[in-house]
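Have a look at the model first, then read on.

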Amino acid sequence: MEKRRLSCSKDWTTLSIANFDEKKTLYLNYNDINRIEFDEILINKLFRKIRTEKIQIFTNTSSTPIEFIKHNHEKYFEEYKQELSKFARDNKISLIDRIVL
């Protein structure tokens with residue numbers, strides 16, 4: 001059963017990202033986040049490539065972005081996108097949406 005990994009605080013200033021494999025939770029304040037990107041990617045699945053979406057959160061604290069791929073987080077992915085869009089808008093964080101409908 002898939003568990004929710006991303007949530008915004010009630011005052012929309014903090015993101016919490018759970019990593020259940022390592023039993024850790026990462027808390028990011030809005031000023032720790034440089035930008036958020038929504039993008040389309042191709043992944044290999046059963047000997048073929050499929051198109052899916054991913055979310056990348058670029059932070060000041062890490063050189064690699066935090067990624068959520070729709071294929072792995074199907075149940076909550078659209079909620080993540082909506083919450084991150086509102087979070088970026090409310091906190092004046094750069095949001096880049098490269099998903100073509």
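Start in helix H1, where Glu78 and Lys81 sit three residues apart, about one turn of the helix. Helices (H or I, at least four residues) and strands (E, at least two) are DSSP runs, numbered from the N terminus. Residues count from 1 along each chain as its sequence is written, and since you're looking at a predicted model, local features need pLDDT of at least 70, side-chain atom pairs count only at pLDDT 80 or more, and totals for chains, interfaces and linings use all residues. Side-chain values use heavy atoms, with hydrogens and water left out.

Glu78 and Lys81 join up in a salt bridge, 3.8 Å from N to O. That term means a side-chain nitrogen of Lys or Arg within 4 Å of a carboxyl oxygen of Asp or Glu. Lys81 is buried at 14% relative accessible area, while Glu78 is partly exposed at 39%. Here, buried means under 20% relative accessible area, exposed over 50%, and partly exposed in between (1.4 Å probe, protein chains only).

Helix H1 (residues 77–91) also holds Glu83, which links up with Arg4 in the segment before strand E1 (6–8), 79 residues apart. Arg4 is partly exposed, at 26% relative accessibility.

Now hop over to the strands. Glu40 and Arg51 form a salt bridge with closest N and O atoms 3.4 Å apart. Glu40 belongs to strand E4 (residues 33–45) and Arg51 to strand E5 (residues 48–59), so the pair ties together parts eleven residues apart in sequence. Arg51 is exposed at 58%, and Glu40 partly exposed at 24%.

Salt bridges also link Arg35, Glu37, Asp39 and Arg98 in a network. The total count is eleven salt bridges.
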